[in-house]
Amino acid sequence: MNICVIARKGGVGKSTTALLIAEALRQTGKRVAIHDWDDQGTSSRSSRMAGRELAETNKQYDFILYDTPPNLDHLSTATAVRHANVVLVVTTPNAADLWEAKDAADYALHANPNAITRVLVNKVKKGTLVARTIEEAFQVLNIPVPALTNQLQDRQVFAHFLTAGWGSLDVPAQLQVANIVSEILTLGYQPSSSPQNQNQEYAEV
């Protein structure tokens, strides 16, 4: 299964989200790797520091996470979205970020109508009525895909995870990520080709 994580702008937590999902899947014993095509290189640096695997050509994985540049016009973004089984548009509850999320969702649907595209809301303030706000925002902005039911809270522990790994997360934080992964796995994707072949094609971009 290939999961592509995209955002039109930086600062919404795209790379951290990709790393968290990859690590949660790895905790279940799955073979997981990350392709880091974001020039900032957050996923690559964090993975090397924590001993996580970066995707290798001609090697098979159960799951590949694609961390793309915060740029919908980038070739890497187009390639990753086109071959994804699931596309996650990462945003925050901020109105400006939600506008950008609509553009990213529209882009994903156009680039790969066969993929399952969802919005993942990140950096949610604890105790806020985000669920209702997000639902209303999606209607007003006409965002074409639904948001995942599960969200990520705005917690420092997620930033600490980048260097300290899964063990640095407390139980509530681990549960948040695990719930997101469980929701992704129940979306009913239909893979169109093997991870190995897709990995080879990405390597040639």
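Mentor: Let us begin with a helix, whose expected span is 1.5 Å times one less than its number of residues. In this predicted model, helix 7 (residues 171-185) has 15 residues and reaches 21 Å from its first C-alpha to its last, which is close to the 21 Å expected at 1.5 Å a residue.

Trainee: Which residues of helix 7 are buried?

Mentor: Buried stands for a relative accessible area under 20%, and in helix 7 the residues that qualify are A173, Q176, V177, I180, V181, E183 and I184. Because they cover an arc of only 165 degrees around the axis, they lie on the same side of helix 7. Among the elements that cover these buried residues are strand 1 (2-6), helix 1 (14-26), strand 4 (86-91), strand 5 (116-121) and helix 6 (156-164).

Trainee: Which residues are buried in helix 6?

Mentor: They are V157, F158, F161 and L162, and since the buried residues of helix 6 fall within an arc of 165 degrees when seen down its axis, they line one face of the helix. The cover over them includes helix 1, helix 2 and helix 7. After helix 6 comes G165, whose phi is positive, near 85 degrees.

Trainee: How many aromatic pairs does the structure hold?

Mentor: A pair of aromatic rings is described by the distance of the centres and the angle of the planes. The structure holds 1 aromatic pair, and because the rings of W37 and Y66 have their centres 5.8 Å apart and their planes at 45 degrees, this pair counts as tilted. The pair links distant parts of the chain, 29 residues apart, with W37 in the loop between strand 2 (32-36) and helix 2 (42-50) and Y66 in strand 3 (residues 63-67). W37 is buried, with a relative accessible area of 17%, and Y66 is also buried, at 0%.

Trainee: What pattern does the protein follow along its sequence?

Mentor: Its 8 helices and 5 strands follow the pattern β-α-β-α-β-α-β-α-β-α-α-α-α. Of the 205 residues, 51% are buried, while the protein exposes about 9500 Å², with carbon and sulfur atoms supplying 49% of that area. Among contacts between residues at least 6 apart in sequence, 78% join residues at least 24 apart.

Technical notes:
Residues numbered from 1 in each chain as written. Predicted model: local features only at pLDDT ≥ 70, side-chain atom pairs only at ≥ 80, totals over all residues. Heavy atoms only, no water. Helix = DSSP H or I, 4+ residues; strand = E, 2+ residues; numbered from the N terminus. Buried < 20%, exposed > 50% of the residue type's maximum accessible area, 1.4 Å probe, protein only. Contact = heavy atoms within 4.5 Å. Areas by Shrake-Rupley, 256 points an atom, 1.4 Å probe, with all protein chains shown as cover. Phe/Tyr/Trp six-rings, centres within 6.5 Å; stacked < 30°, edge-to-face > 60°. Arc of directions from axis to C-beta.
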